[in-house]
Amino acid sequence: MKTESVILQTLFVPCSCRCRYCLLSWGGQPEGVPWDRSTRFALQFRRWQRENRPDLSFHFTFGYSMEHPDLRGALRFLRQIGSPQAEFLQCDGLKMRTEKECRELAQIFKEEGVKHLNFTFYGLPEYHDRFAARRGDFSLMMRMMDAARDAGLTISAGIPLTAESAPQTDELIGILRNRASCRRVSLFVPHEEGRGIHLQAIRFSEDDLKLLSDDAKACLNMQIYRPEREWVTGSFFTEETRRSLILSLRNDNIDRYETMTPGEIIAEIESLDDAYYAAFPSLSELADRYGNPNGNRFYRQRDLFYHYRRIYAREQALSLYDVTDERQSGSRRY
């Protein structure tokens, strides 16, 4: 298993939404280390990485949202250490802003070198606001997209597909393209991670696919997302040979991490990754055991593997450190 990148993160900024499938299971309380301490750690880590592991790609990010208390300073620091987040921002969960305030924020982004903003829409306005658990969120994001476009930034939108959102998708795409001039719209099937497990009852299926126009279907990568039956009866599984490490700076680990070298931290997370996956059969074996040859619900390979691992862990009463929980240090294989 080849480690290709390290993502260093601190989840210290509150999010204004409480989305139904939040990957990070945002519960209203930030879990990350304060910014000043995180940047000192990031700077030291980056220097070590450049000198000792230049083969690794390096990212430094913050969350749960982009509402950094010193946004200009944060973007400048990210640019200084070469982190991609300096140019690409996921703009969900921002605090409420008027049109004027949105334009002021977009201007800050422009002046500080941000190139692209991405937004997630869960459905038409009323449904989206309920899903995000905040009234007016849809309208806010439309204002923000207008402001970003007018400031010269590029914008894109993602729409998670479920049995509930599918009937709304064509109209939503039309709104994004016509009202917001957003030409880059992609559809995706939500994962089960974080609070995504609660969406299993409405997981997107082949029946829901029939509700989409050909134009909408073209926004869904059917090579990545397939019905379960295609995965388990076909020859589409690919071996995961690479991984990205996630180093999450938290109040419960920062003291220890500061006593370790970056090399020791990397080795520790690699060991956690190795131990986690060694506890499970391969994806093909799990598919033979649990796969439904008639299953019509859509998954991507990573999500189906995660789905089967959950079943296996429950059956075997496994208690493991979960390297896929992105609130804590762990990994992503691909």
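**View 1. Lining of the largest pocket in a predicted model.** The largest pocket is lined by 47 residues. Leu23, Leu24, Gln90, Asp92 and Glu326 lie nearest its centre. The pocket holds about 1500 Å³ of space. On a 1 Å grid over the protein atoms alone, a pocket is an open set of points with protein on both sides within 12 Å along at least five of seven lines, whereas a cavity is a set where a 1.4 Å probe fits but cannot get out; lining residues have an atom within 4 Å of a point. Grid points are joined across faces, edges and corners, and a volume is the space filled by probe spheres set on the points.

This is a predicted model: local features need pLDDT of at least 70, side-chain atom pairs count only at pLDDT 80 or more, and totals for chains, interfaces and linings use all residues. Numbering runs from 1 along each chain as its sequence is written, and side-chain values use heavy atoms, with hydrogens and water left out.

**View 2. Elements and residue classes around the largest pocket.** Strand 1 (2–13), strand 2 (57–64), strand 3 (88–90), strand 4 (116–120), helix 4 (125–132), helix 5 (137–150) and strand 6 (185–188) each supply at least two lining residues. Strand 2 gives the most, with five. Helices (H or I, at least four residues) and strands (E, at least two) are DSSP runs, numbered from the N terminus. The lining divides into 26 nonpolar, 14 polar and seven charged residues. Ala, Val, Leu, Ile, Met, Phe, Trp, Tyr, Cys and Pro count as nonpolar, Asp, Glu, Lys and Arg as charged, and the others, Gly among them, as polar.

**View 3. The largest cavity.** A search of the whole structure finds two cavities of 30 Å³ or more. The largest has a volume of about 70 Å³. Its lining includes Glu193, Glu240, Tyr277, Arg302 and Arg333. Helix 13 provides the largest share, four residues. The lining divides into three nonpolar, two polar and six charged residues.

**View 4. The second largest cavity.** Its volume is about 50 Å³. Among its lining residues are Leu161, Val189, His191, Gln200 and Arg203. By class, the lining has five nonpolar, four polar and one charged residues.

**View 5. Gln301 in helix 13.** Helix 13 covers residues 301–316. Gln301 is buried (under 20% relative accessible area; exposed is over 50%, partly exposed in between; 1.4 Å probe, protein chains only), because its relative accessible area is 11%. The Gln301 side chain reaches the backbone oxygen of Thr238 at 2.7 Å. Not counting residues up to four places away in sequence, Gln301 touches Ile224, Trp231, Phe236, Phe237, Thr238, Glu240 and Leu283. Contact means heavy atoms within 4.5 Å.

**View 6. Phe45 in helix 1.** Helix 1 spans residues 35–52. Phe45 has 2% relative accessibility, so Phe45 counts as buried. Leaving aside neighbours within four places in sequence, Phe45 is in contact with Val6, Phe58, Leu247, Pro262 and Ile266. Phe45 and Gly263 are 218 residues apart in sequence, yet 9.3 Å apart in space, C-alpha to C-alpha.

**View 7. The largest nonpolar core.** This core has 90 residues. A nonpolar core is a set of buried Ala, Val, Leu, Ile, Met, Phe, Trp, Tyr and Cys residues joined through side-chain atoms within 4.5 Å. Phe109, Phe121, Met145 and Leu176 have the most contacts inside the largest core. Helix 5 gives the most to this core, with eight residues. Another core, of 16 residues, lies apart from it and includes Ala287, Tyr299, Tyr308 and Ala313.

Notes: A polar contact is a pair of N or O atoms within 3.5 Å; within protein, one must be able to donate a hydrogen and the other to accept it, and residues adjacent in sequence count only if both atoms are side-chain atoms.
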